[in-house]
Amino acid sequence: MTTIASRIDGAPHVTFRKVQKTYDGENLIVRDLNLDIRRGEFLTLLGPSGSGKTTCLMMLAGFETPTSGEIRLGDKVINTVPPHKRNIGMVFQNYALFPHMTVSENLRFPLAIRKLPAAEIDKKVARALDMVQLGSFGDRYPQQMSGGQQQRVALARALVFDPELVLMDEPLGALDKQLREHMQIELKHIHEKLGITIVFVTHDQSEALTMSDRIAVFNQGIIQQLDDPTALYEKPANNFVANFIGENNALPGYVESVHGETCQVKLDNGARVQASLGNPVKRGDRTMLSVRPECVQLNVQSLGCANRLGGYVREVIYLGDHLRVRVELAGRKEIIVKAPAAQHKHRFDMGDAIHVGINPEQLRALDPAIGAPGAAP
Amino acid sequence: MREDNAMTQLTATLPRGMAAEAAVPLKTQLRRAERMKKLKYGALIAPLVVFLLFTFVWPITALLKRSVDNPEIVAAFPATSGLLRDWDGRSLPSDAVFASFADEMGKTRGTPVFASAAKRLNMELPGFRTLMMKTARAMPPTDGQTAREAFVAADERWGDVATWQYLGRNASPTTARYLLASVDRKYDDAGHVVQTDADEAIYVAVLKRTFGMSAVVTVFCLLLGFPLAYLMATQPARIANVLMIFVLLPFWTSILVRVAAWLVLLQSEGLVNQALRAVGLIEKPLQLVFNSTGVYIAMVHILLPFMILPMYSVMKGISPAYVRAAVSLGCPPFKSFWKVYFPQALPGVGAGGLLVFILCMGYYITPALLGSPKEQMASYFVAFYTNQTINWGMAAALSAILFAATLVLYMVYSRLVGRQELAAKAR
């Protein structure tokens with residue numbers, strides 16, 4: 001992470017300033033977007049469908065125009081620059097390889113447009129094909145290749161004319177799981193090797209966590225959080241991010257008192273717990289406590305925890321490396337626990353009484369109003 | 001790469017499991033399983049096949065056969081025809097031929113069979129009918145006279161080898177005469193194929209005109225139809241459906257009504273001329289009808305939907321992502337369209353163009369009503385020969401030429417499109 005961070009220098013590569021987009025004049029697809037994309041970083045725009053992430057990408061590519069605000073590439077405003085003059089590489093959702101051209105013709109296309117000498121074109125095409133390990137596939141038509149191979153060709157085509165910025169619109173969505181994971185790693189390596197800026201759109205959170213330097217989580221046209229994967233997962237800025245990235249247990253309650261970085265919360269079922277502050281909350285505020293399933297300890301492991309609650313086992317699912325346990329706390333509140341299978345050789349059964357422990361650092365008090373559906377920006 | 005490995009492993013394990021229970025060969029099992037399905041499908045389409053056989057294949061075959069059919073002479077004089085076919089054709093035929101012809105002439109004289117044979121022979125060689133009638137009256141030969149003498153006595157032309165050569169050429173049940181005539185060729189006296197005399201040669205010009213006019217109409221349909229098809233394919237479904245209704249609207253009226261409507265619109269005192277004069281663009285009415293202008297306008301109008309529909313169906317399948325991709329690669333919008341979109345729309349353009357061209361070649365009523373004699377196409381002559389002179393041979397021969405042209409065009413088209421689809425098939 002440090003090597004990449006050091007390569008990312010000061011001046012932003014792309015800047016969104018107060019960008020808004022609406023299609024019907026009533027609903028904003030993108031609201032007041034301010035975003036700096038650093039030179040050389042792998043930035044992922046993550047969010048559910050309709051959250052405005054693809055619209056952002058299309059505005060950057062030039063296929064959509066912002067309703068207001070400005071987009072800069074380097075220090076140049078590109079709002080009015082037509083897409084073919086932006087010199088931005090793009091990988092499309094279904095690859096959009098030209099079906100009437102062979103693979104190498106597809107790759108030659110952007111170079112021929114730029115009127116490069118034939119010898120240089122040949123060299124660049126060969127290099128790009130080698131980079132995606134398809135050196136011998138130049139004479140094939142796209143339809144004669146598998147999805148994974150087409151994906152590589154699309155990638156090579158977006159990179160062959162050496163753009164500094166490459167946009168990817170859910171490019172791995174059509175691949176099966178194993179291949180997708182393989183391509184994620186490969187993409188990451190290509191990014192590290194070439195040092196270009198990549199803006200990647202996806203709705204798959206694990207994809208985003210795997211590849212990104214930073215992730216912008218979108219919901220309802222607003223960036224909910226822009227952070228590196230670790231911070232995003234461990235310190236979600238609000239309830240939406242906590243629920244969208246990874247699995248989350250939400251425990252509603254009231255803040256009774258605040259002491260510096262921690263607070264005491266009375267849960268709706270009556271139990272009192274210590275929690276760390278996620279959002280600034282005051283005494284008497286309604287709060288939503290957030291804890292990851294793997295941060296909840298069971299039975300013996302819960303002994304050292306500051307918060308201990310009693311409950312009953314309602315369901316146990318064996319998943320090889322871990323157990324997935326559904327525990328019902330007092331007040332019919334259920335939480336999901338991921339327990340390492342190795343630590344629980346003596347398995348518990350349904351209906352068993354059980355102790356649940358959560359450390360305050362891993363129990364974050366969040367303001368339920370921020371990032372909630374329908375919340376004001 | 002990884003999936004390839006997985007695949008080989010998978011297929012490698014397959015045969016072992018199969019071999020254990022393969023007492024009956026796998027191919028036989030498959031055939032058995034598929035047979036029932038095939039029979040069922042076959043039964044479903046059988047009525048259609050029978051229908052097509054009776055309404056399409058059979059009539060076309062029968063008509064094509066007519067273009068080489070030459071039954072009259074063989075029917076009237078079967079024995080003589082047989083003898084003439086064996087004749088070397090260099091000198092006058094033997095006495096046996098004369099005798100046989102005299103005998104058969106005497107027998108068939110006055111019957112409709114004889115009359116049609118005489119009429120048929122007269123078609124190519126005017127005056128032959130009179131010759132036949134005259135000769136027939138002198139048959140059978142009087143006593144003490146040989147058949148040969150009787151013939152020459154009846155008309156001295158029977159002493160000329162050319163007369164017999166002519167008869168001999170037509171003594172076969174098939175003839176290329178009609179087909180040759182429809183490309184302005186004929187047999188000369190010696191039986192060689194030569195050009196028809198200039199004053200009789202019209203069909204090459206007619207066929208040229210037919211292809212020329214069809215090409216012009218096709219080009220206009222393409223130029224007018226392409227933008228509309230593109231618009232329909234790129235608009236949201238709601239707008240595309242409305243446009244589609246307008247495209248299909250002409251189909252709801254009879255072609256005759258549409259042609260008549262153009263007649264009303266385009267005549268010298270018609271709406272178009274009145275409007276143009278009212279606007280002050282012209283002083284005196286334009287001649288828009290009974291010339292090629294009228295024919296082109298009406299035919300383009302009538303055939304436009306046939307151009308638009310195939311193009312639309314192909315264009316609808318082309319994702320807008322392709323042009324976007326081209327633009328993102330630095331290609332200006334129009335060039336992207338031309339380099340990336342148009343080649344993919346080509347099968348639709350080809351199908352539409354071919355359809356319009358083929359329909360054009362067969363057009364009869366529109367040029368007949370809106371054109372002058374100079375705009376009449378091949379179908380006009382087909383109709384002329386079937387309705388007015390009852391010359392089935394010529395009608396069939398002209399149809400056969402149009403049919404052959406259609407087949408050639410279709411083959412060219414499937415060559416062109418087939419090459420593109422080859423790649424798609426490999427998927």
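Visitor: Before that, what kind of model is it?
Guide: It is a predicted model.

Visitor: OK. Which domains does the assignment give for chain A?
Guide: Domain 1 covers 2-239 and domain 2 covers 240-366. Their C-alpha centres lie 38 Å apart.

Visitor: How many residues of domain 1 of chain A are in contact with domain 2 of chain A?
Guide: Domain 1 of chain A puts 19 residues in contact with 13 residues of domain 2 of chain A.

Visitor: And how much area do domain 1 and domain 2 of chain A bury between them?
Guide: About 1500 Å², with 59% of it on carbon and sulfur atoms. A:Tyr233, A:Pro236 and A:Asn239 supply 47% of the area that domain 1 of chain A buries against domain 2, more than any other three residues.

Visitor: How many salt bridges or polar contacts across that interface?
Guide: The rule finds zero salt bridges between domain 1 and domain 2 of chain A. It does find eleven residue pairs in polar contact, both residues at pLDDT 80 or more.

Visitor: Which elements supply at least two residues on the domain 1 side?
Guide: In chain A, these are helix 7 (205-211), strand 9 (214-219), strand 10 (222-227) and helix 8 (229-234). By class, that side of domain 1 has nine nonpolar, eight polar and two charged residues.

Visitor: Switching topic. What joins strand 19 of chain A to strand 16 of chain A?
Guide: Six bridges, with strand 16 (residues 307-318) running antiparallel to strand 19. A:Gly310 stands opposite A:His355 in strand 19 of chain A.

Visitor: And strand 15 of chain A, how many bridges join it to strand 19?
Guide: Three bridges, again antiparallel, between strand 15 (residues 296-298) and strand 19 (residues 353-358) of chain A. There A:Leu298 stands opposite A:Val356.

Visitor: Now the chains. How many residues does the contact take from each?
Guide: It takes 24 residues from chain B and 31 residues from chain A. Chain B and chain A bury about 2400 Å² between them, 67% of it on carbon and sulfur atoms.

Visitor: Which elements give two or more residues to the chain B side?
Guide: Helix 1 (2-20), helix 16 (321-328) and helix 17 (333-361) of chain B. Helix 16 of chain B gives the largest share, seven residues.

Visitor: And how do the residues on that side divide?
Guide: The side of chain B that touches chain A has 14 nonpolar, three polar and seven charged residues.

Key: Residues are numbered from 1 along each chain as its sequence is written. Chains are lettered from A and ligands numbered from 1 in the order in which they are written. This is a predicted model: local features need pLDDT of at least 70, side-chain atom pairs count only at pLDDT 80 or more; totals for chains, interfaces and linings use all residues. Side-chain values use heavy atoms; hydrogens and water are left out. Domain bounds come from an automatic or database domain assignment. Contact means heavy atoms within 4.5 Å. Buried area is the accessible area (1.4 Å probe) that two parts lose on being put together, summed over both. A salt bridge is a side-chain nitrogen of Lys or Arg within 4 Å of a carboxyl oxygen of Asp or Glu. A polar contact is a pair of N or O atoms within 3.5 Å; within protein, one must be able to donate a hydrogen and the other to accept it, and residues adjacent in sequence count only if both atoms are side-chain atoms. Helices (H or I, at least four residues) and strands (E, at least two) are DSSP runs, numbered from the N terminus. Ala, Val, Leu, Ile, Met, Phe, Trp, Tyr, Cys and Pro count as nonpolar, Asp, Glu, Lys and Arg as charged, and the others, Gly among them, as polar. Two strands pair if DSSP finds at least two bridges between them.
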